[in-house]
Amino acid sequence: MSITAQNVTKRFGDFVALDDVTVECPAGELVALLGPSGGGKTTLLRVIAGLEVPDSGTVLFKDDDITKHSARDRNVGFVFQHYALFRHMTVFENVAFGLRVRKWAEPRVRDRVLELLRLVRLEEKAGLYPANLSGGQKQRIALVRALAPEPKVMLLDEPFGALDAKVRSELRDWLRRLHNELHVTSIFVTHDQEEAFEVADRVVVLNKGRVEQTGAPVEVFERPANGFVMDFLGNVNKLPVRVEGGRALLGETGTVELPGRVFGASENGRTDAYVRPHELDLARTADGGNCLLARVLHVNPAGSVVKVRLWAEDFGLMINVDITPERYRALALKPTEPVYITPKAEAVSDTDYAI
Amino acid sequence: MAQANTRVLPGYRLSISFTLVYLSVLVIIPLGACVITAAQLSWDQFRAAVWTERARAAYALTFGAALLAAAISAVVGLLVAWVLVRYEFPGKRVFDALVDLPFALPTAVAGLVFSNLYVANGWLGQFLVPLGIEGSYSRLAIVLVLVFIGFPFVVRTLQPVLEALDAEAEEAAALLGASRWQTFRRVILPALMPGLLTGFALAFARGLGEYGSVVFVSGNMPLKTEIAAFLIVSRLEEGRPNSYREATAIATVLLVASFLMLIVINRLEARSRRG
């Protein structure tokens, strides 16, 4: 069942949490609401769940306007960041809660709960209390508790935010597999762009109560709509440039032409260019001409690329460059060594100056 | 002691010694003296002192009134604590401070005020007595005054629990389809239960020991409105050779019974706290 939030506005006092936000989640898809904290993503999720009443706007499940329905009547599965398990109930009773309040017959409750506990491989924990579970186990229980009454949609509020990195990535994969099996329309909130890209079919970037961009992960990553999205996705060099004759030149007076994206420009042509680390290269000599001198600060060789952080003295800029391990060995870089940063040729020709 | 060295705060021996001395001087020795004095009676004398019809009526009234008052205090106290924690209204801080007043007020004052309010020509009594509600010099009077004295215990034990309640658990219950009553009954109440039982136990214990106010409101009629504490005092005043011992015998019965009941309540509380 599709979910649509139309022109939703929500204020808390003077603070505008959602400002005329429209988000669509097609039936069966897994959509990520991505953005910095305070951006309005949790508020939007709570409005969809019926936990907050919007000041204006409507929420539709399929074609039904459910804006006025209470949370209880919406039949949504909701997962909280901090699990919100019932502490005085066993794992079994937690999962059974939604079935018991619906007055399911006891044998049916048993079957359903045990089936779900098997799904998350926690059958043997049925008799324990939440206090005796690890964070990852708690969140799995919270997930199946939400799934138990067969909700029409699933809403997850930073479901993995309180877990450590390894458990987070396991649960992430598990969530994706589960979604592939069940196809329940789902929206999840995250501030972790990697998580959003890894799990979601669509990504909605929210900032300051507004939608910055909506699209498939690959679209958002390859064609960020604006500087905010580019910046938020992270792993990018934000460099001051001036735009002259369709070319972005570094700094006040520099002549280095940069690849990457430029979003808008002030009257004198000054703006920021966003250059991803892999769009740059390092060289020992300045033979290409289009390069700038920098000093190696730090090298992180752990990974499929070698991440080099450099300091460009002339411009007072910190610049990150990713190079292949082969290239790294060929250059034999050492900290504090001077080296030249050059834009990759193909990257420059690809540049799309959206001015 | 190797184990003591692993503690963050020092002073295990000092604090445990102090605690034991304190308990001995202030609790165990006086209560022990009471039991020892009572033990100077022969078994038959003891039985005769503590198991008269008048004494049994007094025990029944003392425990019955204290239990009933504690139960009412639990309900009233929960309501008051709920309102004080969950809602904002003008004068809230004043109301909050008023809850402590029964703690501070000399209970004799409370007794005097209550008895004057509910007598036939009192402010409230002039309306209630014609309806057959005797709020003064009756068993009802005892329960009323014990609720007044007991409910602040419930309010003050529940307030912090209510404030710390996980709001998301309530939201989770609603999202899972629970009605408001189901949410209260199945999610909120079990979380409040340990605090509620603690408050109940405190109010009950206070009600058992209450003397000053009850003396003024009950009328102290033997077999009808006489509480055990009053019986003890009247035994003392009789001035017979064994009066003092008989009084301590009754006190011993009261002591043992109270202790047993408080143990039961503590067990219940520990049980409701699991998980």
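**View 1. Helix α10 of chain B and its packing partners.** In this predicted model, the buried residues of α10(B) pack against partners from both chains: α1 (41-49) and β6 (76-79) of chain A, together with α11 (180-209) of chain B. Which residues of this helix are buried? Look along residues 167-175 of chain B and you will find B:A169, B:A172, B:A173, B:A174 and B:L175. An α-helix has 3.6 residues a turn, so residues three or four places apart point the same way. After α10(B) comes B:G177, a residue with a positive phi, near 100°.

**View 2. Where chain A meets chain B.** How many residues does each chain bring to the contact? Chain A gives 20 residues and chain B gives 16 residues. On the chain A side, β6 and α2 (91-100) each supply at least two of the residues that touch chain B.

**View 3. The open sheet of chain A.** Here you can follow 4 strands in the order β2-β1-β4-β5, with antiparallel pairing. Strands of a sheet pair through backbone hydrogen bonds, either parallel or antiparallel. At the edges sit β2 (15-25) and β5 (64-65) of chain A, each pairing on one side only. Strand β4 (residues 56-61) of chain A joins β5(A) in the antiparallel sense over 2 bridges, and A:F61 stands opposite A:D64 of β5(A). Which helix packs on this sheet? It is α1(A), which touches β1 (3-12), β2 and β4 of chain A. The direction of α1(A) makes about 115° with that of β1(A).

**View 4. The two domains of chain B.** Chain B is divided into domain 1, covering residues 1-39, and domain 2, covering residues 53-273. How far apart are the C-alpha centres of these domains? They lie 30 Å from each other. The contact between them takes 5 residues from domain 1 of chain B and 6 residues from domain 2 of chain B. On the domain 1 side of this contact, 4 residues are nonpolar, 1 is polar and none is charged.

**View 5. B:S24 in its helix.** You can find B:S24 in helix α2 (residues 12-39) of chain B. Is B:S24 buried or exposed? It counts as exposed because it has 12 C-beta neighbours inside 10 Å, and the cut-off for exposed is 12 or fewer.

Notes
Residues are numbered from 1 along each chain as its sequence is written. Chains are lettered from A and ligands numbered from 1 in the order in which they are written. This is a predicted model: local features need pLDDT of at least 70, side-chain atom pairs count only at pLDDT 80 or more; totals for chains, interfaces and linings use all residues. A residue is buried if 20 or more other C-beta atoms lie within 10 Å of its own, exposed if 12 or fewer, and partly exposed in between; C-beta atoms are placed from the backbone. Two residues are in contact if their C-beta atoms, placed from the backbone, lie within 7 Å. Domain bounds come from an automatic or database domain assignment. Ala, Val, Leu, Ile, Met, Phe, Trp, Tyr, Cys and Pro count as nonpolar, Asp, Glu, Lys and Arg as charged, and the others, Gly among them, as polar. Two strands pair if DSSP finds at least two bridges between them. Axes are lines fitted to C-alpha atoms, for helices over the stretch in contact, and angles run from 0 to 180 degrees between N-to-C directions.
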